[in-house]
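Subject: Structure handover

Hello,

The sequence and the structure follow here. My notes on what was found come after them.

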Amino acid sequence: MTSLLKQISLPAEGLWAFRRGLALLCLYDALERLTHASFFYSDLGLFPRNAYYLDPNHLSGFNLYLLSGQPLFVVSLLVLTGGVAGFQLFGRSTPWRRGLLWLLVCSIQFRFSGLMDSSDDLLRLMLFWDIFLPESEAGSQSDCVSWATIGLQIQLCAALLGIARHQSERQWALAAQWGGTQWAEALPGFSRIEVFAYLLLAIAVWWGKPREVVVILALPILVFRATVMHPLFPLTLVVGLLPLIRWRRRSTGTTAPKVRGENNGLWLPPQQATLGVLVGNLMRAPVFWFGLLSFSQGFGFSGDWDRVYPLAAPATLQLAVRSSAEPRPLFQLGTSDGRRKRLLSDALARNLGLATSLSAAVQRKRGATGISADTWVKIDLNRPDFRLGFQTIRMVTPTTTQPVLEPGAKGQ
């Protein structure tokens, strides 16, 4: 039993680095969203709260951003998110603060789920397990086993296997075209290398001894994907792998892993730890099973692992909101825009009914509410063989609800 615990235990210094990495990701996410907070998340923007309730695909659950749609309130919540992340970054972390950070991140993600991808899913799920992980210090050399560490390992393993399942040469080609990566055409076989790396990492999550070697071997692959495609998902995954790494060489007399068990929650020595302790803790932690089985999507216990950015989308959509009163477009959305706007383009391709809210939001933003505005879209079908696909340009009327492509449709 002690040997098994040693294999699945996580080093305390790895958990310390993991918690700081999560804080950095949350701080970056909050600052990025602040640049377009009013336009994306307030009632004056693209997706007001009445549109949220009318959207059949919205993620239900307790959402702080539904309390008010005023831009000042939205900005205040994002600043609060950054502040809580800053406390955690500098070591002022408690379970209550980690729970608040998870709630704030869930709320902003669910406010407009069309702007989410796999990076957001992985971040939200890791924040959930971080609430219950044991406290750790930078210089600690102990190993930890608890229902929360096992839950985090199951979550990482599920994410890695889910990503590997969706990797293929076709997925790589479509993602390269949608993301505008010109020279990825010559790298169709890289997806197989990625699959191999993800499978090795899924094994390393549970196998203590070769963890550092596997992570070191997989790191160049993640760096290469970050360079060729986009860095955010590989960076988020690297943060998730930090608990697997021992940052200091242990002496021969290193103590065995501590197991969260009985005795009023004290850490027990391995001699007293039994399989019954672990099973008992798991059975008394229903939220663990909710996370493992994706019991409630509304509380964030699910992940969509085929939406790694850039997306393997069958169509690329570019958009312009124009008014006859002004020669220049009021709003443009193209392939060179940032990640959030590109995700918005994918959401619009699947539901052009959002164009109605978009036109109104643009007019409010420009102070031209009395001027009619038309939304034009340019649609390019992506092809796995990189040949020129079908292209069309059309005006989207305010009553348009037909998507460019049905969800799951393939470009021909």
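A residue is called buried below when its relative accessible area is under 20%, exposed when that area is over 50%, and partly exposed in between (1.4 Å probe, protein chains only). Helices (H or I, at least four residues) and strands (E, at least two) are DSSP runs, numbered from the N terminus.

This is a predicted model, in which local features need pLDDT of at least 70 and side-chain atom pairs count only at pLDDT 80 or more, while totals for chains, interfaces and linings use all residues. Residues are numbered from 1 along each chain as its sequence is written, and side-chain values use heavy atoms, with hydrogens and water left out.

Overall

The protein has 16 helices and eight strands. Of its 412 residues, 54% count as buried. Contact here means heavy atoms within 4.5 Å. Among contacts between residues at least 6 apart in sequence, 75% join residues at least 24 apart.

Helix 9 covers residues 169–179, and its buried residues are Gln171, Trp172, Ala173, Leu174, Ala175, Ala176 and Trp178. The elements that cover them include helix 8 (147–166), helix 10 (190–204), helix 11 (211–228), strand 5 (315–322) and helix 15 (339–350). Just after helix 9, Gly180 has a positive phi of about 75 degrees. For background, most residues other than glycine have a negative phi, and most peptide bonds are trans.

Two of the covering elements, helix 8 and helix 10, also pack on each other, at an angle of about 160 degrees and with their axes 9 Å apart. Axes are lines fitted to C-alpha atoms, for helices over the stretch in contact, and angles run from 0 to 180 degrees between N-to-C directions. Angles under 35 degrees count as roughly parallel, over 145 as roughly antiparallel, 65 to 115 as roughly perpendicular and the rest as oblique. Helix 8 and helix 10 are therefore roughly antiparallel. Their crossing is left-handed (the near helix is turned anticlockwise from the far one by less than a right angle; clockwise would be right-handed). On the helix 8 side the contact involves Cys157, Leu160, Leu161, Ile163 and Ala164, and on the helix 10 side Val195, Tyr198, Leu199, Leu201 and Ala202. By class, that contact has ten nonpolar, no polar and no charged residues. In this scheme Ala, Val, Leu, Ile, Met, Phe, Trp, Tyr, Cys and Pro are nonpolar, Asp, Glu, Lys and Arg are charged, and the others, Gly among them, are polar.

In helix 11, another of the covering elements, sits Leu219. Leu219 counts as partly exposed because its relative accessibility is 37%. Its C-alpha atom is 9.1 Å from that of Pro234, 15 residues away along the chain.

Helix 7

Helix 7 (residues 118–132) holds Asp121, which counts as buried because its relative accessibility is 6%. The side chains of Asp121 and Arg124 make a polar contact of 3.0 Å. A polar contact is a pair of N or O atoms within 3.5 Å; within protein, one must be able to donate a hydrogen and the other to accept it, and residues adjacent in sequence count only if both atoms are side-chain atoms. Leaving aside residues up to four places away in sequence, Asp121 touches Met116, Ser302, Gly303, Asp304 and Trp305.

Helix 7 also meets helix 12 (residues 232–241): the axes come within 9 Å and cross at roughly 20 degrees. These two helices are therefore roughly parallel, and their crossing is left-handed. Ser118, Ser119, Leu122, Leu123 and Met126 of helix 7 make the contact with Leu232, Phe233, Thr236, Leu237 and Gly240 of helix 12. By class, this contact has six nonpolar, four polar and no charged residues.

Other sites

Ser93 lies in the loop between helix 5 (71–89) and helix 6 (95–111). At 14% relative accessibility, Ser93 counts as buried. Its side chain makes a polar contact of 2.9 Å with the side chain of Arg98.

Val145, in strand 2 (residues 143–145), is buried, with a relative accessible area of 0%. The C-alpha atoms of Val145 and Ser9 are 5.0 Å apart, although 136 residues separate them along the chain.

Finally, the peptide bond from Tyr309 to Pro310 is cis, with omega near 0 degrees. Pro310 is in the loop between helix 14 (286–292) and strand 5.

Regards
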